[in-house]
Amino acid sequence: MCSNIDDLSYFNRATTTNYTQIYTHDASATEIYAAWTEIYKGIRNANTFMEAIVESQFDAEGKYYNEARFLRAYYHFLLAQAWGDVPLRKEAVTTHDQVMIAVTPQYDVLSWVASEMEACIELAPESLENAPSRVVKTTVHGILARVYLFMAGESVKGGDKAALFASAKNHADAVIKSAKHQLNPDYSKIFKNMIMDEYDTE
């Protein structure tokens, strides 16, 4: 039995250099496909959940609906950031003829994302008691700052850039003025927390 540990060993097998971790990938990379499908699964789940509970006794105050609405918008934001023009799914798919839909221009997707998130601010809870597991008011403001900042960038065609930068500033200010969060004073601790799978809850 050969241990295959020296230079006399030979392997006849397929090789690939299609790796995202070394930036040699293309659209056929497994990780790219997985990201696309998993994000759309999240959108599907959010749409199905929202349609099931709307105006129900289960969610009389609309808080769960509001949280799912924010997540649906956030998933579309991730898609538009990475792929540009993408299919915009506002409703759950219930028939086969609804599966294939045309893409929506990136700016239109992002504008819809921003308007959806803006509508989520009022019902989002103030308290950080359940953060980061649940969406709270400063979560919405913080992500909206990112959305507007991305929209103001040169990679996105359309919109009043000055107004978008102003919106990003306003939402970032809302997080700062809430006095519920602070920067980690130890920069290295950010990465240590990531390695240990710990959250900076403040």
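Glu116 forms a salt bridge with Arg72, and the closest N and O atoms of the two side chains are 2.8 Å apart. Glu116 lies in helix H3 and Arg72 in helix H2, so this pair ties together parts that are 44 residues apart in sequence. Both partners, Glu116 and Arg72, are buried. The structure described in this report is a predicted model.

Glu116 also takes part in a salt bridge with Arg69, with a distance of 2.9 Å from N to O. Arg69 belongs to helix H2 (residues 63-83) and Glu116 to helix H3 (residues 106-120), so here the connected parts are 47 residues apart in sequence. The relative accessibility of Glu116 is 9%, and this residue therefore counts as buried, since buried means under 20%. Arg69, in contrast, is partly exposed, with a relative accessible area of 22%. Through the salt bridges that share partners, Arg69, Arg72 and Glu116 are joined into one network.

## A salt bridge within helix H1

A search of the whole structure finds six salt bridges. One of them links Lys41 to Glu38, whose closest N and O atoms are 3.1 Å apart. Both residues lie in helix H1 (residues 30-53), where they are three residues apart, about one turn of the helix.

How accessible are the two partners? Lys41 is partly exposed, with a relative accessible area of 37%. Glu38 is partly exposed as well, with a relative accessible area of 46%.

Which residues make the nonpolar surface patch? Tyr187, Ile190, Phe191 and Met194 make this patch, which has an area of about 450 Å².

Tyr187 is located in helix H6, which covers residues 187-195. With a relative accessibility of 59%, Tyr187 counts as exposed, because the exposed class begins over 50%.

## Backbone features

Most residues other than glycine have a negative phi, and most peptide bonds are trans.

Tyr23 is placed in the segment before H1. Tyr23 is also exposed, with a relative accessible area of 72%. The position of Glu55 is in the loop between H1 and H2. The relative accessibility of Glu55 is 82%, and Glu55 therefore counts as exposed. Pro132 is found in the loop between H3 and helix H4 (137-151).

Key:
Residues numbered from 1 in each chain as written. Predicted model: local features only at pLDDT ≥ 70, side-chain atom pairs only at ≥ 80, totals over all residues. Heavy atoms only, no water. Patch = residues over 30% accessible without salt bridge, like charges linked within 9 Å, V, L, I, M, F, W, Y side chains within 5 Å. Areas by Shrake-Rupley, 256 points an atom, 1.4 Å probe, with all protein chains shown as cover. Salt bridge = Lys/Arg side-chain N within 4 Å of Asp/Glu carboxyl O. Helix = DSSP H or I, 4+ residues; strand = E, 2+ residues; numbered from the N terminus. Buried < 20%, exposed > 50% of the residue type's maximum accessible area, 1.4 Å probe, protein only.
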